[in-house]
Amino acid sequence: MTQQKNKLLVGINYPWIDYGWDFGDPPQAWVAWQNLPAWREQKRQRIVEDFTRFADQGLFAVRWFILPDGTNYGTGVESPENSDGQWQFDCLPSDHPCHKRICEDFEFVLETCVRLGLQFVPSLVDFHWCHHGSVADHKAGIVKGGRAEIINDIAKREAFFDNVLEPLLAVSLRHPQAIYAWELMNEPEWVTTDKPLNEHGPQENKTVPLDRMKEFLRQGIGRINAKRLPNGQQAFRSTVGFAHHDTLFDWNSAGLGVTLHQFHFYAQKDGTLPANVFSDDYSCFVGEFATAVQKDWTDLKKRKLDQSVLNRLNLLEEKGYPAAFLWSAQAMDVATRWTPSEIQDTLAYLREPRADTGSDVA
């Protein structure tokens, strides 16, 4: 039998269907209670269809935001409140029906992944969770963001981990083979400051001091790392979706307890993709990279290669990354172009025969 060179694993960011209310019940003002069963069934059918297509294309995993900006996590009288310019928010009580619904929808996704042979990267909260609140529906009390207190307040942080993260981890333990990595937060840099909060204008959305953010990440990652399989092995690799490669070192990702490092690459700085410098035990994957040209990747430009998805995937493999996730299947933004051309590029990469290393093993 010929030993083959490992190729880059290619996943995709879903990353939402309805940003902020994909898991759990939608706000009642937007979907009437009598329509909920049909609404949920239609959504689940779409998930199965989309995930089946991903599996058929040869993608290995899907990354999806669970409670990105908190739209449906606390509505009406339970929504964030603005008090003299400061947004206040309390974690929902442990027996709140919202938690049960979130877990049911989450388990459906894991079961779908297991059935299709896919893996999953759940991302618990997005940086928009910490933005200053934005009222989406004043009459119904629907507020996007405004939930930074969950990170800044120690007691509220612990309640959130107890009431939200722990139940989701318990569900994950029933399907551990479906989890590629458990992600606590997406791109926390955008809402974090190492200056006093009052030095930022409200439009800047710098709502979390650096020390508080690191505490939140360290404690949440610690809970993920603490989960064990029946044989005593660690159940999940933990990760944070950092926006920049430099943050892995500036914030000491390993010191936060992260066991699978992650950064996102959109040709920042000089546009050069850094090589993977982490060992096998503490490796690193690219959680997001653009399918649209957006900005040139300098390595490709220097070689006079086009900025195709195929060339980007080959470069990611060359730089030593074990996995990378396309941005994206659903988002409509300047970084996304997921047309038949990009799909064909991805298929061409995935279907290329693996290079023979020239050695044989019995």
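I began with charges over rings, and found the charged end of Arg-237 over the ring of Tyr-180, 4.7 Å from its centre. The rule I used asks for NZ of Lys or CZ of Arg within 6 Å of the ring centre and within 35 degrees of the ring normal. Lys-43 gave another case: its charged end sits over the ring of Trp-21, 5.5 Å from the centre.

A note on the source: this is a predicted model, where local features need pLDDT of at least 70, side-chain atom pairs count only at pLDDT 80 or more, and totals for chains, interfaces and linings use all residues. Residues are numbered from 1 along each chain as its sequence is written, and side-chain values use heavy atoms, with hydrogens and water left out.

**Aromatic pairs**

Next I looked up ring pairs. Rings of Phe, Tyr and Trp (its six-membered ring) pair if their centres lie within 6.5 Å; planes under 30 degrees apart are stacked, over 60 edge-to-face, and the rest tilted. I got 31 aromatic pairs by this rule. Phe-51 and Phe-54 have ring centres 6.0 Å apart and planes at 40°, so this pair is tilted. The two residues are three apart in helix H1 (residues 36-57), so about one helical turn separates them. Helices (H or I, at least four residues) and strands (E, at least two) are DSSP runs here, numbered from the N terminus. Both Phe-51 and Phe-54 are buried. I call a residue buried under 20% relative accessible area, exposed over 50%, and partly exposed in between (1.4 Å probe, protein chains only).

Then I went to Phe-60 and Tyr-180. Their ring centres are 5.0 Å apart and the planes stand at 85°, so the pair is edge-to-face. Phe-60 lies in the loop between H1 and strand E3 (61-65), and Tyr-180 in the loop between helix H4 (154-173) and strand E9 (182-186), so the pair ties together parts 120 residues apart in sequence. Phe-60 and Tyr-180 are both buried.

I also noted a cluster linked by ring pairs: Tyr-14, Phe-23, Phe-51, Phe-54, Trp-64, Phe-106, Phe-120 and Trp-182.

**Helix H2**

I checked the length of helix H2 (residues 97-116). After H2 comes Gly-117, with a positive phi near 75°.

Asn-72 sits in the loop between E3 and strand E4 (81-83). At 6% relative accessibility, Asn-72 counts as buried. Its side chain reaches the backbone oxygen of Asp-25 at 2.9 Å. I took contact as heavy atoms within 4.5 Å. Leaving aside neighbours within four places in sequence, Asn-72 is in contact with residues including Gly-20, Trp-21, Phe-23, Asp-25 and Cys-98.

Glu-149 is in helix H3 (residues 149-152). I found its C-alpha atom 6.4 Å from that of Gln-88, 61 residues away along the chain. Not counting residues up to four places away in sequence, Glu-149 touches Trp-87, Gln-88, Phe-89 and Lys-156.

**Cysteines**

How many disulfides are there? I counted zero, taking a disulfide as a pair of cysteine sulfur atoms within 2.5 Å. For Cys-91, the closest cysteine sulfur is in Cys-98, 9.5 Å off and too far for a bond. For Cys-130, the closest is in Cys-91 at 14 Å, again too far for a bond. Cys-91 is buried at 15% relative accessibility, and Cys-130 is buried with 1%.

Most residues other than glycine have a negative phi, and most peptide bonds are trans. I looked for exceptions. The peptide bond from Trp-327 to Ser-328 is cis, with omega near 0°. Ser-328 lies in the loop between strand E15 (323-327) and helix H9 (340-350).

Asp-84 is not a glycine, yet has a positive phi of about 55°. I placed Asp-84 in the loop between E4 and strand E5 (86-88). Is Asp-84 buried or exposed? Asp-84 is exposed, with a relative accessible area of 80%.

Ala-267 also has a positive phi, near 60°. Ala-267 is in the loop between strand E13 (261-265) and strand E14 (284-290), and counts as buried at 7% relative accessibility.

How values were computed
Polar contact = N/O pair within 3.5 Å; in protein donor to acceptor, adjacent residues only side chain to side chain.
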